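Hi everyone, thanks for making time for this. I'd like to walk you through one protein structure, a piece at a time, so please have a look at the picture first.

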Amino acid sequence: MKKYSKFFVAGIILIIFIATFVFLWMKSQPQPVAYEEFTPALKDIRKTTVITGKIEPRNEINIKPQISGIIVKLYKEAGQHVQAGEVIAKVKVIPDESQLSSAQARIRLAAINARQAKIDYDRMKTLYNKGLVSGDEYDQKRKALQQADEEVRAANENLEVVRDGVSAENASTSSTLIRSTVSGLILDIPVKVGNTVILSNTFNDGTTIATVADMNDLIFRGNVDETEVGQLVTGMPMRITIGALQNEKLEASLEYISPKATEANGTNQFEIKAALHGLGTAQIRSGYSATAEIVLAQANQVLTVPESAIEFQGNNTYVYIIHGTGKEKTYTKKRVTTGLSDGINIQITSGLTKADKVRGPKIVKDDNNSDEQS
């Protein structure tokens, strides 16, 4: 029994050895070379470029105060619409001590002059009633009294402006009420109640109370590489895709190309601007990231083949024409003239017809017998 078991084990080992040898021999045999095959077809070719940028209003207006002071009340907040002339905030004036002292001194002096003018007027009136002075002299004293009274009112108004920022007579047009200069959406209110604000002057730009923009007039702003800017012209149509609104496609037209480049990441970039059209009901926010697709060149219904079928040698391009079928296939190298390419398909302007069949990349079989291009 043991003798037969030894023969059985030896037989199994021999079978495994022979099977391994056959498998390795078959793997070492050269496999037939197979290629993808393509037939030239009529297609539309478009060469496009994609530009990254952002969406922003054409004009953002910074609302600044006409006086310096402290914010005591905010009537609006970011995200609300505002009309031109509508009040956004109220400022309480912090009077300058020297100006306040001068205004108070002006009131005292005006009061003294007014009292003296009243005494002179009363004296002249008595003399005039007795016929001792002429009418011209009387009119001069009356005019002097009126001027003195007017100076008192002006001095009081000046004190109110210095102390409160507004006079009682001009309260409706008070500079302490910060009003929007344009109609639109409030994008930002960077101040809070209690913040000190200053008016614009030759030394600083002043404090921004609010930023207002018309969100119905939006533009796309981006940068294009110097290798492509020469192919752009104003008026070219663009398709805008907003990152936050992937399903929203917007149309735009190129309206500005910067005449001067700026360096970014070691390359020269030119700023472009495009006006957005047909905003519809989509709620678009200022600063949205977006991409713009521009068609640089287009050819409709032209003869094309996949670019992978083209062999490039210097400035020349070639394809391999297929002859025969099955194992009798042969390939003839032929020079062709190419045109526009979209990165996948390429235009053939001469050298091929629709009846030709061209060789593509080699087909390589992996361990799972699935095909993929070489």
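Let me begin with a term: a residue is buried under 20% relative accessible area, exposed over 50%, and partly exposed in between, using a 1.4 Å probe and protein chains only. What you see is a predicted model, where local features need pLDDT of at least 70, side-chain atom pairs count only at pLDDT 80 or more, and totals for chains, interfaces and linings use all residues. Residues are numbered from 1 along each chain as its sequence is written, and side-chain values use heavy atoms, with hydrogens and water left out.

Now the overall picture. The protein has four helices and 22 strands; these are DSSP runs numbered from the N terminus, with helices being H or I of at least four residues and strands being E of at least two. Of the 374 residues, 30% are buried. Next come contacts, meaning heavy atoms within 4.5 Å. Taking those between residues at least 6 apart in sequence, 70% join residues at least 24 apart.

Let's turn to salt bridges. The term stands for a side-chain nitrogen of Lys or Arg within 4 Å of a carboxyl oxygen of Asp or Glu. How many salt bridges does the structure hold? There are 14.

One of them joins Arg58 and Asp217, with 3.1 Å between the closest N and O atoms. This pair links distant parts of the chain, 159 residues apart: Arg58 sits in the loop between S2 and strand S3 (60-63), and Asp217 in the loop between strand S10 (210-213) and strand S11 (218-225). Arg58 counts as partly exposed because its relative accessibility is 32%, and Asp217 is partly exposed too, at 28%.

Lys118 and Asp122 have their closest N and O atoms 2.8 Å apart, and both lie in helix H2 (residues 97-129), four residues apart, about one turn of the helix.

Then we have Arg239 and Glu251, whose side chains meet at 3.3 Å, N to O. Why does Arg239 count as partly exposed? Because its relative accessibility is 43%. For Glu251 the value is 36%, so Glu251 is partly exposed as well. Elsewhere, salt bridges that share partners join Lys54, Glu56, Arg221 and Glu271 into one network.

Is Glu56 buried or exposed? With 11% relative accessibility, Glu56 counts as buried. Glu56 is found in strand S2 (residues 41-57). Leaving out residues up to four places away in sequence, Glu56 touches Leu218, Ile219, Arg221 and Ser286.

On to a sheet. Strands pair if DSSP finds at least two bridges between them. An open sheet of four strands runs in the order S7-S6-S4-S9, with antiparallel pairing. Its edge strands, S7 (177-179) and S9 (196-197), each pair on one side only. Between strand S6 (residues 87-93) and S7 there are three bridges, and Lys90 has Leu177 in S7 as its bridge partner.

Last stop: Asn265. Its phi is near 55 degrees, a positive value in a residue other than glycine. Asn265 is in the loop between strand S14 (262-264) and strand S15 (267-277), and counts as exposed because its relative accessibility is 82%.
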